[in-house]
Amino acid sequence: MRTLVLAACLAGCADLKPDYVAPASGPIATVEIADSAGVTNRRVLVHGADICSAEQARLVGIVKSKAIGVDYVETHVIAVEANKPIAISMPWSGDVTTAGTTVKISYCQPVAVFTPAAGRNYRLDFASCSAILSDDRGGSRPAQIYQGCEQGLPEGDPSRMFFLKPKK
């Protein structure tokens, strides 16, 4: 069963098409996004104004991909609009455990929110359910994690691993 789940996940990774578009003008900053949890095939998403909306989330790519047809990268570096809040997530799933026919997957989707300054460089290191935000001036702190979403069933494109919905 575990092999089937892993194979399905890897096949889904190869079908993903990044659709994040960096700003073409105006003040920008750069953000390097990395996984410090040691997870393979971890997606990087930039959220829209409605942070909990799958339709507004844009896929940057995958870090540490083991999927055929997806380049292996340790990090993704993107340009973002400066001086306005940005929300970036990196969904995480842990061990798959089975109990008879029931499959349990540990899952978390921390959404780091911050306002980058123009011309600055940042790094987001995502652990399983948290992130550290560092900047080019040597500052480092836990990233603010958005608390307005809760986990739900995937809507839209489930291959993106987007399992967030607004809290009720």
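The model is predicted, so local features need pLDDT of at least 70 and side-chain atom pairs count only at pLDDT 80 or more, while totals for chains, interfaces and linings use all residues. Residues are numbered from 1 along each chain as its sequence is written, and side-chain values use heavy atoms, with hydrogens and water left out.

S65 is placed in the loop between β3 (58-63) and β4 (75-81); strands are DSSP runs (E, at least two residues) numbered from the N terminus. With a relative accessibility of 5%, S65 is buried (buried: under 20% relative accessible area; exposed: over 50%; partly exposed: in between; 1.4 Å probe, protein chains only). A polar atom of the S65 side chain also lies 3.1 Å from the backbone nitrogen of A67.

Two disulfides are found in the whole structure, a disulfide being a pair of cysteine sulfur atoms within 2.5 Å. In one, the sulfur atoms of C52 and C149 are 2.0 Å apart. C52 lies in the loop between β2 (42-46) and β3, and C149 in strand β13 (residues 149-151), so this pair ties together parts 97 residues apart in sequence. Another disulfide joins C108 to C129, with an S to S distance of 2.3 Å. C108 is buried at 12% relative accessibility, whereas C129 is partly exposed at 37%.

Terms used. Helices (H or I, at least four residues) and strands (E, at least two) are DSSP runs, numbered from the N terminus. A polar contact is a pair of N or O atoms within 3.5 Å; within protein, one must be able to donate a hydrogen and the other to accept it, and residues adjacent in sequence count only if both atoms are side-chain atoms.
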